[in-house]
Amino acid sequence: MRVAGVVIWAGELVRSNLTSKTNSRQAYSVSFALALSSRRLSACHRIWADGRLIRDADDRQSVQFKLRLHDGDADQAPDPLMVASLGINRAPAFRDLAYVVFEDFDLSTFGNRLPQITIEISSADGSVDGGAIMSELLAIERSGVGSPSFLGCAISGDTTEQGLEPLVAGLPIATHFRDGRWVEGASDVSHSVGVADPIVLDSKVDERQRAPAKVALRYFDTASDFAIGESSVRLPGGDEALVINLPVAIDGTAGKALAQRILTRAWQEREEVRLRLPLRFCGVEVGDSVALEGFASEALRVRRKLIADDVVTLSLVRNADSRPVVPLPAAPVADEVVPSGQIRLAVVELPIGSSSDLPSLAVVVDGAPQITSVQIEGVGVNEQVEVRSSPGAIGYLREPLMRGETDLFDTQNVVDVEFAFDPSLTSEDESLLFTGANTAALGGEIIQFGTVFPLGGGRYRLTHLLRGRQDSLIPDVHATGSAFVLLNKDSFFEIQLPVAALGTAVSISASGLDGATVTDELPAVHGLTIRPWRPQVLSCQLVGQELRASWVRRGREGAAWLDYVDTPIGAAVERYGITIAGANGASVSIESDIPSVTIPEALLQELGPRPWRLEIRQLGNFTASAATVQIIN
């Protein structure tokens, strides 16, 4: 462990005159003692001064000093240098405190000042057991269950509670109350509350807003000379972050696992059920499991207990490991088709309008509330992220959906969709639709719906549709069974891909609570997020034997352009790709750097007689827009 000591004694500065052939100077040294630990130590190893190594693992020193370690024994004697300075009757022994004495520490290389000293130390007791620390400082009885151990631990604070607070927040150490004392480990006692019991369910408090979207865990990184390391996990949506300064020495892998467990526990315990029970339930203790027949599909853990006015009040939360203590019949859910442990997975390429300048994907996990580890693999990306499931994020069409109006509301078609978990969809007015409300991906089309008709059992009929949103393409038909993926603010996790991933496949996989692995694949990344908008107001005219076409360009950055003079193109250059095809199968492709083109007679003759199909695409830095099409008769 690497610790910064506290100066507990210092002698007078000693001045020395150093003379050479060219000059003379004064140098200073000092003797001092640093307190290191309230536990016994076996050795001091490497030493740093102002972050610079001044003593290595082989005891080689780059700065002149003498070092003595006092291991913190209960009968250790005072240091002889302190005795010589203070006197035998005044020199403290600092018993039960491990400290080190630096004698004649040379200050010349530090501007004749005392630098910040950090020292790598090792305990006489070997590795540090988290449960043992809790037991010693909080009088918690050890139960023999496994608890995390670390290479080192450096607890500090004005009070025991202040010092232990980050340790309690960061370590997965369960405790329960039994026979008048606290005991380490999860309780193996379970109680059953049946529907016939005189139970009063006071409230189910939703603490979702207080659960963090990100956990950042800081620790002493064993792979970086015990410098401060940080591991973090996050969920899509939300800005609240929980930062824990865990005073233990671990590596990055262990830090990541701990951060994941902290975040999982925070979300699993975000809901609290409060019960009022008769006095015969007074034997229920904090940490016990309580099965609520007819109310919950899994046993809950007692977090708080209060006995007053002949009533036992219990506050219950989900077990941190989500394990049922006693089997219970699941609470009835109408038309539930996905078991609680299973998940569904979808990957959708985000369209134009997203804030990213890189190709971006939306990863959506549908299932019971849980945190799922999702693996994303493709060209230039191999990433594992933690994604919070969104119950009801993925549905399936019950009836085909035909092509519809793109410029106005589609009032001719309806979306009949079914969800395994009811997402509780609501109707929204047009003002909210235009800010992105009620958005979903259906195949390659982005669609919005204004009016919602609940049909029961997770089934909905959606009308007042906006089709082909964000310049997405509308196929002739969306078949029955097509995935209907909600893209509301908190329903997906965004992944950015390198430009090298364009045109390549991306696969994702994840496992639910039941252990089953589900996968999904995007056959090719088209770069929808970074492509330009398609040109608008295409106008064509035959002048003599030439075809003249013009259009209005659109810019990716136009949404933030406020002076109404011009719209920035949002690309390095302004270019357009023009393709005109004839009924005979022949086609001609040219490019233009202005929003108009003239196709000469010689090229038109290759196409044969009309009708011709004209396609205009705006060319971006990496990909082209969708085509604006006009048939020329």
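Which residues have the most contacts inside the largest nonpolar core? The legends below take this up first and then move to other views. This is a predicted model, in which local features need pLDDT of at least 70, side-chain atom pairs count only at pLDDT 80 or more, and totals for chains, interfaces and linings use all residues. Residues are numbered from 1 along each chain as its sequence is written, and side-chain values use heavy atoms, with hydrogens and water left out.

**View 1. The largest nonpolar core has 25 residues.** Leu36, Phe102, Phe105, Ile117 and Ile119 have the most contacts inside this core. Such a core is a set of buried Ala, Val, Leu, Ile, Met, Phe, Trp, Tyr and Cys residues joined through side-chain atoms within 4.5 Å; buried means under 20% relative accessible area and exposed over 50%, with partly exposed in between (1.4 Å probe, protein chains only). Two or more residues each come from β4 (24-37), β5 (41-49), β8 and β9 (117-123). Helices (H or I, at least four residues) and strands (E, at least two) are DSSP runs, numbered from the N terminus. Another core, of 22 residues, lies apart from it and includes Leu171, Val215, Leu217 and Leu263.

**View 2. Here are the neighbours of Leu36.** Leaving aside residues up to four places away in sequence, Leu36 touches Val3, Gly5, Leu41, Cys44, Ala98, Tyr99, Val100, Ile119 and Ile121. Contact here means heavy atoms within 4.5 Å.

**View 3. Helix α3 (residues 160-170) has buried residues and exposed ones.** Gly163, Leu164, Leu167 and Gly170 are buried. They sit on the same side of α3 because they cover an arc of only 120° around the axis, taken from the directions from the helix axis to the C-beta atoms. Exposed Glu161 and Glu165 are carried on the face turned away from the buried side.

**View 4. Strands β38, β39 and β42 form an open sheet in that order, with antiparallel pairing.** At the edges are β38 (536-543) and β42 (596-599), each pairing on one side only. Two strands pair if DSSP finds at least two bridges between them; β39 (residues 546-552) and β42 have 4 bridges. Look for Ser550, which stands opposite Ser596 in β42.

**View 5. Confidence is highest in strand β8 (residues 98-106) and lowest in strand β15 (residues 200-206).** The mean pLDDT, the predictor's confidence in each residue from 0 to 100, is 94 in β8 and 52 in β15. Over residues 205-209 the pLDDT is below 50. The protein chain averages 80, and 84% of the residues score at least 70.
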